[in-house]
Amino acid sequence: MCLIKYNSSGDKQWHRIRDGVGWDLCTGISLDSSENIYIVGTTEISGNNQMCLVKFDPSGQYQWNKTWGEAGDDMAMGIAIDSSDNIYLGGTSDIEVPLMHWHVGKISLVNYDSSGQYQWDHIRDETQNEGCFALELDSTEENIYLAGLTENIGHNDTLLVKYKLIGASTNGDGKKDIPSYDIFLIIIFTCVTLTYFIKKIRKEKK
Ligand SMILES: [Ca+2]
Ligand SMILES: [Ca+2]
């Protein structure tokens with residue numbers, strides 16, 4: 001994972017590399033209220049891909065790193081930080097179907113407190129393949145939105161999931177039960193995509 005700082009003129013100031021023993025990939029970055037820097041992604045530990053969260057101070061000094069995951073592939077694709085500096089990672093976890101020998105991609109959400117202590121995780125339990133590529137808190141910080149895709153009879157549709165964080169219960173094992181609400185963007189997405197391609201085709205014909 002590589003973190004590079006440029007000044008406002010685009011001149012490189014410094015860079016930092018976090019190199020785990022295996023494969024590493026950085027897919028998200030965010031700052032907290034004190035301008036500490038967090039990068040997220042995936043790191044391979046003994047053949048097991050895990051979500052990875054790394055903290056640097058504002059001058060780029062390494063502070064700590066955390067990993068989370070199950071036995072299958074776990075990839076963090078985005079990070080959101082609230083005004084109290086609690087950290088949320090969103091991504092995808094490859095979960096084995098009980099009694100079967102196949103895996104299904106599921107949307108996963110992991111919460112750390114401001115000191116980097118793991119608080120809870122939630123894996124969205126749907127039977128079809130899903131994935132998360134971005135997440136964002138709303139202004140109340142009581143709700144979080146995860147954007148990604150969901151498999152729908154052989155093709156993928158855009159998916160937006162809303163979680164209400166306040167009042168959700170945490171099980172003893174750290175798993176969190178949170179009701180989720182799918183906000184389907186499929187129709188909007190399809191219209192926007194169609195409009196884009198129609199415009200592109202018309203432009204190319206001219
Ligand atoms: Ca590496
Ligand atoms: Ca894993």
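Reader: Okay, so where is Ser46 found?
Author: Keep in mind that this is a predicted model. One strand, β4, covers 37-45, and β5 covers 48-56. Ser46 is found in the loop between β4 and β5.

Reader: Is Ser46 buried or exposed?
Author: Count the other C-beta atoms within 10 Å: Ser46 has 7. The cut-off for exposed is 12 or fewer. Because its count is 7, Ser46 is exposed.

Reader: What's the phi of Ser46?
Author: Most residues other than glycine have a negative phi. Ser46 isn't a glycine, yet its phi is positive, about 50°.

Reader: And Asp85, what phi does that one have?
Author: Asp85 lies in the loop between β7 and β8. With 17 other C-beta atoms within 10 Å, Asp85 is partly exposed. Asp85 is not a glycine either, but its phi is positive, about 70°.

Reader: Which are the edge strands of the open sheet?
Author: Four strands form this sheet, in the order β7-β8-β9-β10, with antiparallel pairing. An edge strand here pairs on one side only. That gives β7 (74-81) and β10.

Reader: How many bridges join β8 to β9?
Author: Strand β8 takes in residues 87-96 and β9 residues 103-112, and they run antiparallel. Asp94 stands opposite Gly105 in β9. The bridges joining β8 to β9 number ten.

Reader: What separates the C-alpha atoms of Glu126 and Lys106?
Author: Glu126 lies in the loop between β10 (118-123) and β11 (130-137). Glu126 and Lys106 are 20 residues apart along the chain, and their C-alpha atoms are separated by 7.1 Å.

Terms used
Residues are numbered from 1 along each chain as its sequence is written. Chains are lettered from A and ligands numbered from 1 in the order in which they are written. This is a predicted model: local features need pLDDT of at least 70, side-chain atom pairs count only at pLDDT 80 or more; totals for chains, interfaces and linings use all residues. Helices (H or I, at least four residues) and strands (E, at least two) are DSSP runs, numbered from the N terminus. Two strands pair if DSSP finds at least two bridges between them. A residue is buried if 20 or more other C-beta atoms lie within 10 Å of its own, exposed if 12 or fewer, and partly exposed in between; C-beta atoms are placed from the backbone.
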